[in-house]
Amino acid sequence: MNGIRLELRTHAPWWLNLVLPLAAIGLTLVLCSGLIVLAGANVFTAYTKLFLSSLSTPFNLVETVVKATPLVFTGLAVTVAFRAQFWNIGAEGQLLAGAMAAAFIGAREALPAWSLVPLMILGGALAGSIWALLPAVLKTRYKVDDVVTTLLLNFVLYYGMMALLDGPWKDPLSGYPDSPDIRTAAEFPILLRATRLHLGALLAAAAAVAVWLMMRHTTLGFEISAVGENLKASRYAGINIGAVILLTATTSGALAGLAGVGEVGGIHFQVMSGLSPGYGYTGIVIAMLARLNPIGVVPAAIFFAVIITGAEAMSRATGVPVFLADVIQGMSLITMLAALMLTQYRIRVNRTDHE
Amino acid sequence: MENPSLLEMRGISKRFGNVRANDGVDLTLDDGDILGLLGENGAGKTTLMNILFGVYTPDSGRIAIAGRPVHIRSSSDALAHGVGMVHQHFHLVARHTVLENLMVGQSGRGIRLDRNFILQRMREIEQRFGLHLVPSARVGDLTIGEQQRLEIVKALIRGARILILDEPTAALTPQETEGLFTALRAMASQNMGVIFISHKLNEVMTITHRVVILQQGKVAAEVLNDGSISQQRLAELMCGQECSPPSKSSARLGAVRLRMENLQTQGGARPSLKGVCLKIRGGEILGIAGVSGNGQSELADVIAGMLPPAGGILEINGKPVPRFTPRCMQALGVGRIPEDRMGTGLISALPLSSCMVLPRIQEHHFSRYGFLKHAAIRRFADQQIESFGIKAAGNQVRTGTLSGGNLQKALLARELAWNPTLLLAAQPTRGLDVAAARFVHQRFLDLRDRDGAIVLISEDLEELFALSDRIAVMYEGRIMDILDIQTATVANVGLLMAGVGGAA
């Protein structure tokens with residue numbers, strides 16, 4: 001009899017890091033093509049528009065990088081946390097915390113102009129850290145499940161923010177539930193004239209390299225990996241598990257907070273309800289697609305930025321709803337999780353005896 | 001041949017990838033035979049028995065039972081042909097009773113009939129082989145020995161005539177082992193066949209009639225155990241010259257390295273230490289004997305810095321321990337080899353070099369200002385791989401791919417590299433083959449000769465008797481007695497393990 005069975009791998013070849021995400025994306029596109037057909041469009045045209053429109057002109061290309069900026073930050077935030085098996089689903093809330101801090105600091109008239117941008121960056125990172133430390137303390141102190149707390153704190157922060165925006169923090173000039181604009185001096189410098197490419201993009205790239213350096217070359221990165229892989233052995237080896245998880249949460253929250261700082265300082269100049277269309281959650285998909293490799297986060301974030309910006313062009317040209325972009329995001333997480341199994345197992349078709 | 005053998009395996013071969021796990025193995029078993037199956041880890045014993053029990057199908061070869069060719073494709077096939085197997089790890093439902101466990105897998109009768117049928121079979125088996133069990137006892141409450149008896153009865157109830165036992169004595173007290181041997185002899189005298197797999201050569205010498213030795217998937221030797229062969233000869237047949245037994249010099253006692261006075265622990269469901277007193281000097285190996293679950297793990301956890309004691313005194317090198325953390329213990333010069341070498345000692349997903357420096361990554365040898373010294377880490381790993389002869393494809397290989405013996409060598413290398421004044425070793429040779437175990441033992445004796453003190457916690461009495469200078473026996477969280485090796489016997493250690501006698 002012939003059968004397919006899964007066998008444990010002794011080691012995972014390096015090229016799997018490249019092949020698996022590509023295979024997952026390919027499978028996602030095949031699966032999602034059914035939806036395009038249902039919407040009555042040509043699959044090929046729809047995908048061409050989806051992928052190529054965002055890369056077709058220099059302007060669109062830059063816009064894609066602008067979109068990728070917060071995604072790189074949230075992807076890194078999730079990467080660091082997941083490496084330590086601190087299941088931070090709360091990058092969304094930490095992003096908003098960072099954004100609020102940046103918008104608050106950026107609007108302070110009393111501060112000297114030159115200090116605004118650095119203070120926004122520091123303050124935003126700090127706010128994100130604090131919002132991530134809350135569930136980390138609950139986890140290390142009282143063993144409260146981190147998935148639940150990080151997720152639910154997103155809603156606490158979002159609705160708390162909306163309550164402020166509808167009340168004391170409402171912009172008196174516009175009357176909308178938006179915060180007042182930050183000062184002109186607080187706006188992030190533009191890197192490329194006549195585009196929206198702002199300082200945040202540079203910070204995001206630097207952050208990716210910094211996180212990679214941290215994971216690869218510091219004792220903290222070493223201990224994060226050890227704790228994430230085996231809590232008991234790490235404890236036996238004398239690693240202070242609680243401290244490592246708290247430091248991980250601090251780092252993760254700061255990175256997510258910086259995503260919010262960039263959006264406020266470089267794009268919106270205020271906080272409002274639509275500030276983040278789920279960048280924090282997309283960060284989870286990006287981190288998984290990058291196989292928790294900080295450098296891999298950059299191409300994964302750009303991929304999602306392409307889809308998000310391309311979705312509208314596709315919708316205009318073919319009538320396929322923009323929500324396809326969300327379906328692709330969700331689907332690629334599922335296919336990637338399935339593909340990850342192949343790093344530990346290999347599929348084997350076995351033929352058994354006929355003597 | 002006038003009478004066909006009970007079991008005949010001819011030319012059995014099985015490959016896994018490039019590895020020939022079995023390569024043309026022949027094996028026969030007659031009625032009334034107790035056959036010992038010996039071999040190093042990876043020699044192919046388990047594969048061969050899994051083929052016989054229907055877990056794997058062979059690539060080639062024939063199996064005949066009582067002269068009739070058979071194809072065994074699953075364990076239920078094996079049972080239908082009268083082949084039963086007792087694995088090292090039991091497959092029992094802890095929350096169910098003995099009777100309920102025996103009913104699992106029995107089909108085709110009504111529940112009431114089934115009950116009576118099984119009760120009747122249990123009585124028969126008790127009469128024939130002396131295997132007594134209480135049908136209404138909950139399996140979770142049984143001792144390891146009783147659980148094993150249940151596994152044997154389970155196989156017998158399903159009609160096994162050939163019984164395979166994989167490392168059956170690993171967790172038994174000497175008395176329980178004796179009871180098992182009595183039952184096995186009764187089976188042999190009633191025309192059954194037994195295949196006995198073990199690393200413990202003295203037991204193989206005691207119980208078997210014939211011994212088959214596998215080496216790299218082939219039958220290396222087959223010898224009659226008629227008194228003409230020595231244990232040393234068996235060891236040599238198995239692994240060549242490297243297994244000559246370690247020679248132990250007389251002890252030269254140094255300063256007191258560890259002192260425990262009335263040490264107590266508290267731990268929810270686990271048995272706790274109830275006033276343990278111990279004293280160990282440099283140049284001494286103190287063996288800790290006991291049936292598993294009598295406080296040895298807690299004792300190990302305290303010395304490793306994983307479990308702060310609830311009361312009593314613990315001094316290392318004459319000074320009280322300031323803080324009960326792994327780092328502090330390590331700083332006091334305690335080397336630690338945990339019982340679970342992969343789950344607690346090493347991290348399977350990390351590269352070997354990372355595992356080798358795991359407990360000391362914060363020290364200046366391996367990092368400075370929070371940055372890793374990769375070159376120093378790799379150099380250290382390479383040195384240890386070299387000096388301990390660890391078989392690994394480089395220092396960056398995933399630790400989980402190493403074999404058990406090499407994992408233990410890695411762990412040992414990591415701890416011994418810092419010249420511990422006190423070494424804690426829990427079950428250091430469990431699951432290792434003879435050559436690897438001898439290697440570990442030799443390193444312990446070397447450390448002892450260098451004035452190191454070793455706390456050796458083991459369930460293997462042969463190991464304890466070979467290495468220890470004194471043996472402390474634990475029972476229900478207490479030290480029953482500490483015996484000098486000159487006067488200790490297996491019998492009195494066994495009684496103490498069962499909670500009988502002692503000074504305490």
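A: Happy to. Let's start where A:Leu220, A:Glu223, A:Ile224 and A:Val227 of H8(A) meet A:Ile241, A:Val244, A:Leu247 and A:Thr248 of H10(A). "Meeting" here is contact, that is, C-beta atoms, placed from the backbone, within 7 Å of each other. Helices (H or I, at least four residues) and strands (E, at least two) are DSSP runs, numbered from the N terminus. By class, this contact has six nonpolar, one polar and one charged residues. Ala, Val, Leu, Ile, Met, Phe, Trp, Tyr, Cys and Pro count as nonpolar, Asp, Glu, Lys and Arg as charged, and the others, Gly among them, as polar.

A word on the ground rules: this is a predicted model, in which local features need pLDDT of at least 70 and side-chain atom pairs count only at pLDDT 80 or more, while totals for chains, interfaces and linings use all residues. Residues are numbered from 1 along each chain as its sequence is written, and chains are lettered from A and ligands numbered from 1 in the order in which they are written.

Now the geometry. Two packed helices are described by the angle between their axes and the distance between the axes. H8(A) and H10(A), the latter covering residues 241–268, pack at about 110° with axes 10 Å apart. The axes are lines fitted to C-alpha atoms, for helices over the stretch in contact, and angles run from 0 to 180 degrees between N-to-C directions. H8(A) and H10(A) are therefore roughly perpendicular to each other; on this scale, under 35 degrees is roughly parallel, over 145 roughly antiparallel, 65 to 115 roughly perpendicular and the rest oblique.

H8(A) also packs against H7(A), residues 199–217, at about 75° with the axes 5 Å apart. This pair, H7(A) and H8(A), is therefore roughly perpendicular too. Here A:Met214, A:Met215, A:Arg216 and A:His217 of H7(A) meet A:Leu220, A:Gly221 and A:Ile224 of H8(A). The residues of this contact divide into four nonpolar, two polar and one charged.

In the interface, 19 residues of chain A are in contact with 29 residues of chain B. On the chain A side, the elements giving two or more residues are H8(A), residues 219–229, and H9(A), residues 231–236. The largest share, six residues, comes from H8(A). By class, the side of chain A that touches chain B has six nonpolar, nine polar and four charged residues.

One chain B residue to look at here is B:Phe371, which touches A:His217 and A:Thr218, leaving aside residues up to four places away in sequence. B:Phe371 sits in strand S18(B), residues 371–372.

Finally, chain B has an open sheet of six strands in the order S6-S7-S8-S3-S9-S10, with mixed pairing. Two strands pair if DSSP finds at least two bridges between them. S6(B), residues 83–86, and S10(B) are the edge strands, each pairing on one side only. The twist averages 20° from one strand to the next. S9(B) (210–215) and S10(B) (218–224) run antiparallel, joined by six bridges. B:Gln215 stands opposite B:Lys218, and B:Val212 has B:Glu222 as its bridge partner. Two residues lie between these strands, and B:Gln216 takes a positive phi near 50° in the hairpin.

Note on methods: Two residues are in contact if their C-beta atoms, placed from the backbone, lie within 7 Å.
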